Amino acid sequence: MDTLPKAIMNALAQHGVASESVLCWLLCDRALENGFRDTYVLLTREELLILSHDQAPAREKTYSGYAANTPLKGLSPEKEAHWELEALKIRDIESLSIVNLVASGMVVIKAPEERAVAAFTNGGMRSAARLAKIFEKLKKSEELGPEELRDDQERATCPKCGMIYPEEGRQVCPKCMKKHAVFGRLLSFAGKYKVSMFWIVLFMLLNSAAGLVIPYFQGTLLFDQALGGKGTFAGQIGLVIALIIVFRTLSLLFGVIFGVINAKMAANIAFDLKSSVFHAMQRLSLSFFEKKQTGQLMTRINNDATELQYFFVDGISYFVVNAMNIIGIVTVLLIMDWKLTLLCLLPLPFVFLLVRKVFPKLWRLSIRRHKRVSAMNAIISDTIRGTRVVKAFGMEQMENARFQRASGAFSDAEQSFNKMGVTLFPVLNILTQIGGILIWAFGGWKVMQGDFTFGKVMTFMNYMLLLYGPIQFMNNIMNWWSYCMSAAQRIFEIHDAVPDVVEKPNAMQLTEMQGEIRISNVTFGYEPNKAILKGVSLHARPGQMIGVVGHSGAGKSTLVNLIPRLYDVNEGEIRIDGIPIKDVSMASLRTHIGIVSQDVYVMSGSIAENIAYADPDCTLADLIHAAKVAGAHDFIEKLPDGYDTIVGTGGHNLSGGEKQRLSIARAILHNPKILILDEATASLDTKTELQIQEALDTLIKGRTTIAIAHRLSTLRNADYLVVLEQGKIVEEGTHEQLLVKEGAYYDLVKKHDEALKMNEVITA
Amino acid sequence: MTLKDVSVSEILRPEDGGSSPGLAEAAQIRYLSPDDTEFTLTEGHMLNVKAGGKEHVGVYVHCSFPHTNKRIYLSIRTVENEEIGMIRSLDEFPEETQRMLEEQVELRYFAPEISKVLSVKEEFGYSYWDAETTSGYCRFTVRGGGGSVKLMTASRLLIVDVDGNRFIIPHLDRLSDKEYKMVEVCM
């Protein structure tokens, strides 16, 4: 737990409260009226303490994620606040709850009147949920476990710069990320391509070395010696031309060789990277994929891998070669004439300045253009895909106007981008050419004075032109390097991510399963302070069918997802055959559990492959029998390609009912001891549902089944029913018992019957 | 700034009962009228409402159109999210009640309104904002990659930070060129 601020410690001491007795605390940073004013809510074993002050609201606020040591503007009241303490005995408080507002929370206590204590912005939600939980335990006089008192879920901060990590559960400070370490790790990835890299760099160097001599040949050798009739090559124009041709060819040849090796290595590295990321992803828990920020992480993976591919292919080798080129050319120029060299490097700072200043602007304009074109494309795709709706409501004119607006906006953005572009590049060109003009001017003057030969000026000129490319490359390299390292970091994160649901090191292999399920006192939520299930208990004997009913959002699907351990419970326990599922190896647990859910996913592949997804080695006879039992055989036989029909992305389109039957066949073939039916027939029409119902009835035999259904008729065979309402079991018993009770289930049945009658009226 | 200044849309205006009586009948929404509804604020800052002779303790005010008009079609709900009734327009109610309900709306939809953008720095997929708001200077971090900065109407921008805290730029068109350029990169 974070330590209390000093001022609060002092205030507590003033009021005679030992700060060690504080079990947990919450900083409420919002005033109930408006603005930011701090109130501390603290909990000791006996009391709830509220520390508040009556100063004016703070005039500045730094939210999490922003570097914590950013200097404040000093706008908040300077004088030390006087903290008022209000102590309430826990036994006098009926309840303490956290009310979720929009992007904030509020602490409400009942003592005995309801009272809003203070409000806090969303960052405090986790601490608030913890406070409420500990309060509840204290209220019930329950012992606090070590995990309640330990608070390791607080947002960690970067030890180096004090910035709060911007993403929860992702202990990466983007500012202090050790780029060198990431780079080193990345290089180790390329380790097995050491030999290729060596050859690539070697041939690139040879390529540019061969290119570097040419200006010398074309200048000094050609003009001064061959044409000027002095030195070794006097009058031998043919030989010099031949030499130029030879070196040009050599340079070209080396270039081709390096290109070929590079192309091969690039493809290999990209393949390695992508498959390693894919592999790493597969071992992660479901929650990893469902978290918002990681969803975004995922979509970036592909781009990141491509980015890194460029890094290996272009980055490293070009960096080495360009660096060598710059050093080489500048050395040659300095040796030839250092004064002239310095003179013609004069425009360079201006070029840099311009690039630094104007390129970001150009970049912004290009982003704007990109966004506008996406907006326009969105409208096009909207109207094309939604033609039916547009036409049905006669809204063509409105769509035209909408498109006109977007198209106009895009045209504006395009124009300003192009205007900027056509101004910037010629200016840059002129600037770079000034170096050349300077050489001509001063070189020419020196030639006239007889200090310089014409060939030397030509050589100078040609070298200068060769220099600009590498310099431009170096100018961008820092940005680009940061970018690549961030990409690498994200990829390594997937590699290093620890699955939420982890198997114990010596997990048990469950070879035989009876199918007894015991869920005891399970509490679970995806987010703090939003428990989906609260203290749910359930017992299913082997072979029993349990029906779970309730309104949507009651937590039915969440409950069944806990059985195959797609998520771990927050509190309580689930046992199968008396063994806690946390002790069982995940693979063996899941082989015994089959799920048929509402949204069926059909993999790309043949129908046979889809049915045999969980058991690819099954016999063809089993496969067909399973399809027959699931009621899928007949429609498959009718297809021209039978069981070999390709389905999934780009394949044959199956109807909802057909897909559902495939998934049932999949479950039948899998032959699990525990079967979970999660709204298996909800999306189907009544007729199809009846057909599938028969298939399900066959499937259920001899297995423990937990079935969720909206349509209560699906559950007519259930041995036992539980009614879930807002995460709690409110009723349980057999169909008859519950009807007699005339409670929640009775209401559901009544509503259901009414709906059915309505259906009949409509279809009649 | 009063709530009225916030409402940007002139299109949304409450009309008595809507234009289709059949639809209103089917919807069966209970509208609270000032005559038989009494709102009170307890000492503990909780809102109570007495409607049609029944008292509800600890109710909350939800806006149907929190971005376009916060003064119309308010839904009065219990903490369990059950609707007690709706208010067509705050204007129907006495001033004191209006103020009370406005405060409750502020409490629920607290989002500092940005009056001046001081700086927006983009780095490694996050943008770091520094802005003058109606609640003082705020510094916050926004995740990049779209989705966190949304145009709610033609000129009203909603910015959601890494924790889900909300900030509003009520009039995008009133930003200076320099401010707009900083904001635009994140949109």
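**How chains A and B meet in a predicted model**

Visitor: How many salt bridges are counted between chain A and chain B?
Guide: The count is 2 salt bridges between chain A and chain B. The model is a predicted one.

Visitor: What makes the pair Arg368(A) and Glu184(B) a salt bridge?
Guide: The closest N and O atoms of Arg368(A) and Glu184(B) are 2.5 Å apart. The rule asks for a side-chain nitrogen of Lys or Arg within 4 Å of a carboxyl oxygen of Asp or Glu. The pair is therefore called a salt bridge.

Visitor: What area do chain A and chain B bury between them?
Guide: About 4300 Å² is buried between chain A and chain B, and 54% of it lies on carbon and sulfur atoms. In chain A, the residues that lose the most area to chain B are Tyr63(A), Tyr66(A) and Val102(A), together 16% of what that side buries.

Visitor: Why are S4(A) and strand S8 of chain B called paired?
Guide: S4(A) and strand S8 (residues 136-143) of chain B share 3 bridges. Pairing needs at least two bridges, so the two strands count as paired. The sense is parallel. One of the partners in S8(B) is Arg139(B), bridged to Thr62(A).

Visitor: What joins S9(B) to strand S10 of chain B?
Guide: 3 bridges join S9(B) to strand S10 (residues 157-160) of chain B, and the two run antiparallel. As the rule asks for at least two bridges, these strands therefore pair. Val149(B) has Ile159(B) as its bridge partner in S10(B).

Visitor: In what order do the strands of the open sheet in chain B lie?
Guide: The 3 strands lie in the order S9-S10-S11, with antiparallel pairing. Strand S9 (149-151) and strand S11 (166-169) of chain B are the edge strands, since each pairs on one side only. Neighbouring strands of this sheet are turned by 20° against each other on average, direction ignored.

Note on methods:
Residues are numbered from 1 along each chain as its sequence is written. Chains are lettered from A and ligands numbered from 1 in the order in which they are written. This is a predicted model: local features need pLDDT of at least 70, side-chain atom pairs count only at pLDDT 80 or more; totals for chains, interfaces and linings use all residues. Side-chain values use heavy atoms; hydrogens and water are left out. Helices (H or I, at least four residues) and strands (E, at least two) are DSSP runs, numbered from the N terminus. Axes are lines fitted to C-alpha atoms, for helices over the stretch in contact, and angles run from 0 to 180 degrees between N-to-C directions. Buried area is the accessible area (1.4 Å probe) that two parts lose on being put together, summed over both.
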